[in-house]
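The sequence and the model come before the text.

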Amino acid sequence: MTIKSIHQIGTISGRNVATMMGLPFRLVEPIVDALRTRKFVAHVRPAAFNDYYYSLTELGQKRAQTHLQQCSYIGPAPVPLADYTLSVEAQAAGVDPIERDDLQASLSKISYQDELLDQIGPAINSNTGMFLFGPPGNGKTTIARSLTQCLGQEIWIPHAILDDGNLIKVKDDAYHQETPVPEGDGQLLKAQEWDKRWVRIQRPSVVVGGELVMENLEVRHDHRSNICEAPLQMKSNCGCLLIDDFGRQRIAPEELLNRWIVPLENRCDYLTLPTGKKIQIPFEQLILFSTNLNPDDLVDEAFLRRVPYKIFVNDPSPDEFRSLMKTVASQMGFPETPEAANHLLAYYKQNNRPPRRCHPRDLLTQVANFCRYRRLPLTLRPEYLDQACRSYFSAL
């Protein structure tokens, strides 16, 4: 790892090598000295704080190429699998039960029916799994994305783990958002004292939809770099894993759910490494299935028993629809027009069409686009709303 780090930069100080590897300089310094004794690296010039700048010799270049062929990973040093397992168990979501106020705060920016809180709250505290099902356009995905916020404080994850010579990358910028380490008087943890092989992130929220395939749930090995990529359930540990549009994946629902029967039951998963060795990892996340279909039509009773919470997200009531219209109109700059909501509700009744929570946003966006096109002031005139409805609902 040290030789590869020096090879990547060219000329680098010993302290910067230690920073790249996420290790204290006192651990890296004797390693660099040993490499210099073996003629793999050479001094270039002095550096501050009794340090030196190093570069690879010809012999060191050859050794670096050999190591890169074996594994091309360069970055913070990996941690043992056992350390990762302990960290997940210590930080698992659900350790501190949430209360109704916590749930209300996480859903404060979206519209929902109050009785939904008393269904979702116990499901989160169970830390098992839940189905959010119901008609499309009523905010199931938005609700699921918001639930991670009520799971608690930030967590620590390693950049990578190592087991049996296999390096597995855990940190993924697509799902893991770094947060600063708190500093200052009274803090138990100073930025200079934490192990740089670990990174502090917000609790992860991993969302996958119709693109999900079975390969995403297994360790993926790149034969060229010899680096393994952690599966989605591993990246979502201590957070939330949302399977959106469940039932519309390229794999059968039964195949996907059978893969998770044992993890949901035992709270652990088994992964196969490229060497053939099987490892056990924690399965500690809130797993959500969002679907427009009835869960009974997708899977059998054996699996439904392991996802004990099935929560129906219904259409908005007339009062909720009016409130949504008022909020969206204000956000988009329309003048307050209470009769606009009544006009749309009459349209729904006349055409035997149920309202959805997404309709105020979608329809008012069309009205706003029309007004800008015609260089008209933003207004919610009945004829503008009728035109938006003809366009929006023509193919629905």
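The sections below cover the basis of the values and then the salt bridges.

## Basis

This is a predicted model, in which local features need pLDDT of at least 70, side-chain atom pairs count only at pLDDT 80 or more, and totals for chains, interfaces and linings use all residues. Residues are numbered from 1 along each chain as its sequence is written, and side-chain values use heavy atoms, with hydrogens and water left out.

## Salt bridges overall

Side chains of opposite charge can pair when their charged atoms come close. The whole structure holds 17 salt bridges (a side-chain nitrogen of Lys or Arg within 4 Å of a carboxyl oxygen of Asp or Glu). One network of salt bridges links Lys171, Asp173 and Glu178.

## Arg259 and Glu218

Arg259 forms a salt bridge with Glu218, at 2.7 Å from N to O. Arg259 belongs to helix H10 (residues 253–259) and Glu218 to the loop between strands S10 (205–208) and S11 (220–222), so the pair ties together parts 41 residues apart in sequence. Helices (H or I, at least four residues) and strands (E, at least two) are DSSP runs, numbered from the N terminus.

Arg259 is buried at 14% relative accessibility, while Glu218 is partly exposed at 26%. Buried means under 20% relative accessible area, exposed over 50%, and partly exposed in between (1.4 Å probe, protein chains only).

## Pairs involving helix H14

Asp319 and Arg322 meet in a salt bridge of 3.1 Å, N to O. They are three residues apart in helix H14 (residues 318–332), about one helical turn. Asp319 is exposed at 58% and Arg322 partly exposed at 35%.

Glu320 pairs with Arg357 at 2.7 Å, N to O. Glu320 is buried at 10%, and Arg357 is buried at 11%.
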